[in-house]
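Student: I would like to learn how to read the inside of a protein model. Can we go through one together?

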Amino acid sequence: KTFVDAKITIEPDDVNEVGEDHTFTTVFWVDDGTGSDTDGEMGTFDRWEGAAIDVTLTNQNGAVANPAGPFAGNTDADGEFDVTFTSLTAGQVAGHAAGSVTVGGVLLTRETDGLANNSDDAVKTFVDAKITIDPDGENPVNDPHTFTTIVWVDDGSGTDTDGEMGNFDRWEGAPVTVTLTNQDGAVANPAGPFAGNTDGLG
């Protein structure tokens, strides 16, 4: 009597800037009961070519996967099925994979549910940032004027810690350079440029 088993994994978790491509790689593994290890990975579970795979993407915290999926295909000679996508907005995209294959007449179906030998879903976090400088103003000559630069970051968590700018939060420790350009006869003093890091208020 030969007993067979299978498992499925999807990876990697990662963090990217919005607009960058990311690839989830699903691998389908089979233990055919022979006790052999043909690929040197996962013990007697081997990468399996030709397994039918479905990958679904779930948007979270403002991310919008593009293309949206779902995606279907078969594992290649390395037992892999790749899905590449991006998001133009910050947040997270969770990848869930399901696969099946028939081994010795037995249908083996697995999904990335974190149970048994299967991995959890993979999570891709997209992050974004923006910068502001203000205020505009009019002053008599020789009166000092202060420009305030703020760096805002959306870390993809979907949280708003400061009650401003939606999920963009003020970010401490960002390096900032400010240059001044004279126009219409004005001569800035000091002339700059000015460099430093944002404070506790961003």
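Student: What does the side chain of Thr 75 reach at 2.6 Å?

Tutor: The model is predicted. In it, the side chain of Thr 75 reaches the backbone oxygen of Trp 48 at 2.6 Å. That side chain also reaches the backbone nitrogen of Ala 51, at 2.8 Å.

Student: Where does Thr 75 lie?

Tutor: Thr 75 is in the loop between strand S6 (71–74) and S7.

Student: Is Thr 75 buried or exposed?

Tutor: A residue under 20% relative accessible area is called buried. Thr 75 has 4% relative accessibility, so it counts as buried.

Student: Which residues does Thr 75 touch, not counting those up to four places away in sequence?

Tutor: They are Phe 28, Trp 48, Glu 49, Gly 50, Ala 51, Ile 53, Glu 80 and Phe 81.

Student: What is Ile 53 in contact with, beyond its neighbours within four places in sequence?

Tutor: Its contacts include Ile 8, Thr 26, Phe 28, Phe 71, Thr 75, Phe 81 and Ala 98.

Student: Which residues touch the most other members of the largest nonpolar core?

Tutor: A nonpolar core joins buried residues such as Val, Leu and Phe through their side-chain atoms. The largest one here has 25 residues, and Phe 28, Ile 53, Val 55, Leu 57, Phe 85, Val 93 and Val 101 touch the most other members. Strands that each supply at least two residues of this core include S1 (5–11), S3 (22–31) and S5 (52–60). The largest share, four residues, comes from S8.

Student: What does the second, separate core include?

Tutor: That core has five residues, among them Val 151, Ala 174, Val 176 and Val 178.

Key
Residues numbered from 1 in each chain as written. Predicted model: local features only at pLDDT ≥ 70, side-chain atom pairs only at ≥ 80, totals over all residues. Heavy atoms only, no water. Core = buried A, V, L, I, M, F, W, Y, C linked by side-chain atoms within 4.5 Å. Buried < 20%, exposed > 50% of the residue type's maximum accessible area, 1.4 Å probe, protein only. Contact = heavy atoms within 4.5 Å. Polar contact = N/O pair within 3.5 Å; in protein donor to acceptor, adjacent residues only side chain to side chain.
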